Amino acid sequence: MLGKNIRFYRLKNNLSMRELASKINISPMTISYYERDSRNPGIETLRALAGALGVKISDFLKDHGTKLVFAHGEFRKNTRLTQTRQEYIRGAVEEYFGRFFEAVNVLGNKILEDCPPLHSIPLSNDDEKNAEALRHYLNVQLHGPVGNIVESLEYQGILVFSLNIKEDDFSGMNGTVNGRPYIVFRSGMNAERVRSTIIHEAAHFVFDWPSDMPEKECENRATAISGAFLFPAADAVKELGQKRSRVTHDMLSICREYGISMYLLVKRASICEILGESAAKDFYVRASSAKWRKGGEPERIVKEEPSLFRRLVYRAVCEGSISIQKGAELLQESYDSVKLQCSAAVGG
């Protein structure tokens with residue numbers, strides 16, 4: 001546990017063994033020994049490591065999800081994320097859900113909703129029908145705007161984690177923890193891209209994907225399903241009409257209503273043959289110049305954030321199952337902020 005945690009916090013700080021070693025005047029090989037649990041650091045070295053990594057000594061001794069069973073999704077083969085950053089993301093997921101399930105265990109496992117079966121929907125060749133099946137799976141209306149997606153998923157027993165990481169090459173990942181699906185997304189993305197990413201990741205564990213489907217095709221199909229889920233063809237016709245000759249300002253209100261980017265709206269309008277190829281191409285050129293294509297489009301809606309973990313911790317504190325201090329440790333927030341929220345929750 002000690003070695004794994006030292007490695008986790010080193011990766012979190014994006015430091016190599018050599019860089020960490022130089023900060024506390026020991027050899028990189030010694031860091032390697034510590035991380036492999038081949039040798040234990042003394043208390044002074046632990047203090048130095050904690051100072052260099054911006055943590056407390058007690059953080060090195062915490063159980064970061066080692067009692068949980070994880071099955072992490074694969075990163076794309078062409079990702080520009082290094083192996084160490086991939087390892088950090090998986091480690092961050094395990095650390096977060098280690099804290100999450102501490103709260104769950106205090107309150108009892110029945111506190112979580114039973115999630116729907118995974119890979120249970122046959123994949124159709126028609127992604128409009130796939131998107132409709134996904135809406136049905138998540139118990140949302142088959143047409144019209146979808147409200148708070150994170151809230152809907154959490155209500156269905158699907159866990160969601162917002163990860164603060166700088167790499168733009170990472171948008172999201174899915175997997176399971178103790179057989180329960182999770183979705184992790186990068187918190188720095190704009191609100192509309194978060195919604196698209198979450199549904200893209202959900203498609204990976206909801207549908208029964210052919211084992212021989214190439215990775216690129218699988219990713220493209222998941223993206224297509226996500227777009228059709230957020231802005232179904234029937235809604236596109238209802239909101240935009242049968243034909244549009246150009247991208248116009250009134251489309252922004254539709255983006256806000258459906259919680260989608262203008263880029264996605266234009267893509268869907270093009271797929272549904274509402275918007276002509278020339279008009280779509282003209283928009284893509286302008287959007288690319290404005291750096292909209294890679295998530296630079298302005299936010300037009302409020303960003304959705306997971307709230308289940310916070311609610312569970314507040315409940316455990318208010319019921320006296322854990323102390324305010326323990327709640328603060330689980331949420332990694334200050335004692336005063338947790339005290340304030342829990343006092344407000346009971347009218348204090």
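**Close-up views: a pocket and a helix pair**

**View 1. Space in the second largest pocket.** The second largest pocket holds about 1000 Å³ of space. This is a predicted model, where local features need pLDDT of at least 70, side-chain atom pairs count only at pLDDT 80 or more, and totals for chains, interfaces and linings use all residues. Residues are numbered from 1 along each chain as its sequence is written, and side-chain values use heavy atoms, without hydrogens and water. A pocket is an open set of points on a 1 Å grid over the protein atoms alone, where a 1.4 Å probe fits, with protein on both sides within 12 Å along at least five of seven lines. Its volume is the space filled by probe spheres set on the points.

**View 2. The lining of the second largest pocket.** The lining (residues with an atom within 4 Å of a point) counts 38 residues. Nearest the centre lie Lys12, Glu95, Arg99, Leu331 and Gln332. α5 gives the largest share, 6 residues. Helices are DSSP runs of H or I, at least four residues, and strands are runs of E, at least two. By class, 16 lining residues are nonpolar, 9 polar and 13 charged.

**View 3. Helices α5 and α15 cross.** Their axes, lines fitted to C-alpha atoms over the stretch in contact, come within 9 Å and cross at roughly 40°. The contact (heavy atoms within 4.5 Å) includes Tyr96 and Phe100 of α5 and Leu312 and Val313 of α15. Its residues are 11 nonpolar, no polar and 2 charged.

Terms used: Nonpolar A, V, L, I, M, F, W, Y, C, P; charged D, E, K, R; others polar. Axes fitted to C-alpha atoms, helices over the stretch in contact; angles between N-to-C directions.
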